[in-house]
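Walk me through this structure, one piece at a time.

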Amino acid sequence: MGDFPATRISTDWITIMKNHIERMKRLTARRQFLGEMAAAGVATLGLGEPMVLANESPLLPKATADCCILLWMGGGMAAPETFDPKHYEPFEIGLKADKIVSTFPAIPTAVDGVQITAGLENIASVLNRGTLVRSHRMPDLGSILHSRHQFHWHTGYVPPQTVAAPHIGAWMARFLGPRNPAIPPFINIGQRLEGHGESEELKAFTTAGFLGAEYGPFNIPFPEEAANSVQPAKGVTPQRFESRMARWRELAKSGPLGEKMSDFHRESVVRSMENAHRLLSSRDRDAFDIHKEPKEIYDIYNTGRFGQGCLLARRLAEAGARYIEVTTEYVPFLHWDTHENGHTTVENLKKQIDRPIAQLILDLEKRGMLDRTLVVLATEFSRDMMIEGVPGSAARDQSRAKSDVMLEMKHYGLHRHFTGSCSALLFGGGIKAGYVHGATAPERPLLVTKDPVSISDMHATIFTAMGISPKAGLDIEKRPFYVTEDAKGRAVEKMFQRSL
Amino acid sequence: MKCLPMFFYMICAKQLFSAALFAETPKIDFVHEVVPVLKKHCASCHTNGTYKGSLSMDTREALLKGKAAIPGNSKNSEIIKRIHSSNAEDKMPPKGSVLDDKEKQILARWVNAGLPWESSFSFKIQAYMPPIKFRPVSLPAGNGHPIDRLVNQYLQGGKSMPLKKIGDQEFYRRASMDLVGLLPTPEELADFAVNGDSQKREKLVAKLLADKRAYADHWMSFFNDILRNEYKGTGYIDGGRKQITQWLYPSLLENKSYDLMVRELVNPKPEAEGFIKGIKWRGNVNASQVTELQFSQNISQVFFGVNMKCASCHDSFIDTWKLDDAYALAGIVSDKPLQIFKCDKATGNYAKVRFLWPELGNIDANASKEKRLEQLAGLITSPENGRFARTMVNRYWQRLFGRGIVHPVDVMANKPWSEELLDYLANYFKENQYDLKKLLAHIVASNTYQAMVDPHAEDISADTYVFHGPLIRRLSAEQFMDAVWMITGTAPAKMDAPLKDLPEATGPSARKLTRAVLVHSNLLMRSLGRPNREQVVTTRAEIFTTLEALDLTTGSIFNDTINRGAKNMLEQWKMKTPDQMVSDLFLRSLSREPSAEEKAKAMELLGSKPGLDQVADLLWVIFLLPEFQLIG
């Protein structure tokens, strides 16, 4: 009792003891509750844990999809070079730049009267399974920074923001949770977050933000090595791992902190370790090993990292992941970020994406999963030969192959960032099959002429399919923060098979 | 009629009645005549959160906004028409007893008198009103530590059990982690245990704080978080951000007083200007996120626990801060007159420069920007500004105890669990020239700090929270990495922070390591909770997540560290038996000897002739124990 004067503590000893006993009773009740919570895999006792808004149920009565796969074309996929063919001019020395709208000829698709561009023949053959959006439109944010537009697309909010905005995958993890408790609900495949010019900006949105790390991404930059991320670290055999866990359990229970076992910190350590152990020792982790796939199927997918990522996504969707993103990977000036040599680069990219995407759709269909799996292909904006941003934008022209006429092959391609329209695909998960939504002008500027779809509305459509209200939100710092910006997103009803 | 709130009687006592607007109308006594009528007939449907028909009668402004009355014109006022109506559709009140004639007359006279209202009165139950200035505290009698005397009084008032003091080893570990972020070595623990000096805890605190380097390394994380300073991050790509490392670190090294630090941040020389410059992304930015508004938000949050984020866009719905207030502060740092945007739309009005609390002083709108910043720096750190001191002592209390006296730390308008304690600490801080080390030493010297953790802490966010000792706290990412690196000798060779010619840490060589705070964040540290620092971060997550468990189990960063560590340990342990190895590791990691049972379990892992794998297994198990990851 140290320095406490005895008279002060003995004044009302009986009341003190009574209060203490009451407190212990409440505590015991809470411990039991915590035990149940741990089983349910929920932790709500953190500091400043966001609260569900009282007046809006986050969940809609009818989801049309249980799982979402986002195929991300990072770097700005040019619509006229892919899913919205326009006037094609083959390369020719001396050809004037302003004559070129597309550098690929159009090809027919499985949907009557709908064309996409050469190099996407496999996707063309499955286009009747989904909706092609040609009127996705981005805001003019002035001078272009890819990662800023990517931040916007992935969170629905333009940075900077006063609170850390959550990634759409994190919202799904938060509101829907895992489909299979052994599989992390939000899996991010193919993006390295270290070691290039915009990695800090990528990290800023590849996060659960204020929702808390529990809902954050499980990052798998190299799909071929995915199996490593769900097995004990290199060199630790299953036997060693089991013996580590066994000793850990024993020692975690003993020790002089026994009484503190009730503390939610300790609960969260124990719960998390057991969750990790469950994944690491479950058969479900086979889903992470793409080499377990029959060789003939593996070979169809194996066009490179992106193709392998699609295969991994399919396996994880089967195993019960909630949200999976597969990216062609954004690295400044690589892949879809064609500041020069655009035609050749896109030609190569198509070889990487065409076969695996089509196969993913067919595989999901064959397994009877396409109906409940929403596959989305999207990008942060399109590209154009002439216009940077949108007509009238103050954006600084960042093309590296500035030439009024084609002098060499590297001049041939769409090298400027264009935000006035871009294309997206949606397959399965209650989305219409064989439908084209929206249109763009036939000539430059290729602006949306019909049914524009903003990022908020695209997200509202995705969330609605997944059974999350576009108005769902959480209270953070006493302020409501919604899954779509200011709860304004509206699902595009025309894209759904049935009325909402 | 039920009882009136307390402040009501105070108003009556002071005879503070509003003057009627029209001299010729008979005087009306708002408090004694009008309020009882409104309370009886209107309040249950139209005040304090219930606003039927969207009409609020909380304040005069609300009443006018709801178009319920026209001042001076009772005939055409809706409220008067409705109380006389017999039409079931629109009569008021719709149910229950109608107003009698006298009551009707009172309201009519009141409307005709121009709706006089007592300016400070609202039907909305007033939330706690935090004081702005310093307030004297009378300490309870006795000769113990002032903090203990205040806390004792608090505990007895709540009829709670007194706090129990922790032992020497626990104290050493806790104080060392809190003051310099490092674990004690077994030798230090042993010396401390046999030291018979009755003042040894105070002396230890002084010794820890005297280690300038270790102290600065530890507190750098806290200040990096709240000032969002980072060595790389968003914004740098376009020169839209500037780090303050070369100002911040030396400031901590020399224990610059907090008020001086803040003056140098708000009215900066080039090396400290990063904080007020904010983060600028390439391209156009929403009006509420321009760097001037970031300045307004960050000054408010960091120094005062005021949320100006909502008010940057529109009048706040959650407190009393208005759009004009956010711009008033933003205007101080603006190079040109700052146009006010409401929800990203230009209003045509311009910011009127002023300070948050005019009672503390003014900013000269016509002065140069430099002068305005100097005036602002002076007002923030004014000897009258108790809110400034309270906000910081509360942040420090939260760091040391796991929960602030006011919770959360960024909402200083919330009621503290002990106003006296908060006031006392704020006064102490000011009287000691805002010396951060003195503040720490003072708190750590109390029995309250040296008490056993409260194992029963229920939801700490609840209004019903009762202080009963420190809470268990989780190690920060930096503390965890430093602990692992220190024990296993695996710290990186060089720092990434742009600092040079730093003094060495004092004490045993094991404590002289490159600290995690001075190297770039990596996947592991991010997963352990080191933030992006895109936003001001004032508290870190307390929850350990499955993704962290996976990173520590499967990730190569941690595994490589463990394997390198195992090699180092084996070399150091060449002459030791497995029994001694286990004891040594327990002491180094958990600051205690293992029990016989624990020793037996641990030795099972090591076997009779431990090799690299066996040692790695033991390190892994110990580092993942809750006891290792928590400060108890």
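B:Phe480 sits in helix α21 of chain B, which covers residues 477–488. This is a predicted model. Is B:Phe480 buried or exposed? It has 22 other C-beta atoms within 10 Å. The cut-off for a buried residue is 20 or more, so B:Phe480 counts as buried.

Which residues does B:Phe480 touch, leaving aside those up to four places away in sequence? They are B:Leu475, B:Leu528 and B:Gln629.

Consider next the contacts in chain B between residues at least 6 apart in sequence. Of these, 66% join residues at least 24 apart.

Stay in chain B for a pair of helices. Two packed helices are described by the angle between their axes and the distance between the axes. Helix α24 of chain B runs over residues 556–572, and helix α27 of chain B over residues 612–623. Their axes come within 8 Å and cross at roughly 115°. Angles of 65 to 115 degrees count as roughly perpendicular, and α24(B) and α27(B) are therefore described that way. The crossing of α24(B) past α27(B) is right-handed.

Which residues make this contact? From α24(B) come B:Ile562, B:Asn563, B:Gly565, B:Ala566, B:Lys567, B:Met569 and B:Leu570. α27(B) supplies B:Leu612, B:Val615, B:Ala616, B:Leu619 and B:Trp620. By type, the residues of the contact of α24(B) with α27(B) are nine nonpolar, two polar and one charged.

Helix α10 of chain A (residues 305–319) packs with helix α11 of chain A (residues 342–366) at an angle of about 10°. The axes are 8 Å apart. Angles under 35 degrees count as roughly parallel, so α10(A) is roughly parallel to α11(A). The crossing of α10(A) and α11(A) is right-handed.

On the α10(A) side, the residues that meet α11(A) are A:Phe306, A:Gly307, A:Cys310, A:Leu311, A:Ala313 and A:Arg314. Their counterparts in α11(A) include A:Ile353, A:Arg355, A:Leu360 and A:Asp363. The residues of the contact of α10(A) with α11(A) divide into nine nonpolar, two polar and three charged.

Turn to helix α5 of chain A, residues 168–176. How many of its nine residues are buried? The count is nine of nine, and the helix is mostly covered. Among the buried residues of α5(A) are A:Trp171, A:Arg174 and A:Phe175. What do the buried residues of α5(A) pack against? In chain A, they pack against β2 (67–72), α4 (146–155), β6 (186–189), β8 (323–327) and α12 (455–465). After α5(A) comes A:Gly177, with a positive phi near 70°.

Finish with the domains of chain A. The domain assignment gives domain 1 as 6–34 and domain 2 as 54–228 + 292–495. The C-alpha centres of domain 1 and domain 2 of chain A lie 57 Å apart.

Methods. Residues numbered from 1 in each chain as written. Chains lettered and ligands numbered in written order. Predicted model: local features only at pLDDT ≥ 70, side-chain atom pairs only at ≥ 80, totals over all residues. Helix = DSSP H or I, 4+ residues; strand = E, 2+ residues; numbered from the N terminus. Buried ≥ 20, exposed ≤ 12 C-beta atoms within 10 Å, placed from the backbone. Contact = placed C-beta atoms within 7 Å. Axes fitted to C-alpha atoms, helices over the stretch in contact; angles between N-to-C directions. Parallel < 35°, antiparallel > 145°, perpendicular 65-115°, else oblique. Left-handed = near helix turned anticlockwise from the far one by under 90°. Nonpolar A, V, L, I, M, F, W, Y, C, P; charged D, E, K, R; others polar. Domains from an automatic or database assignment.
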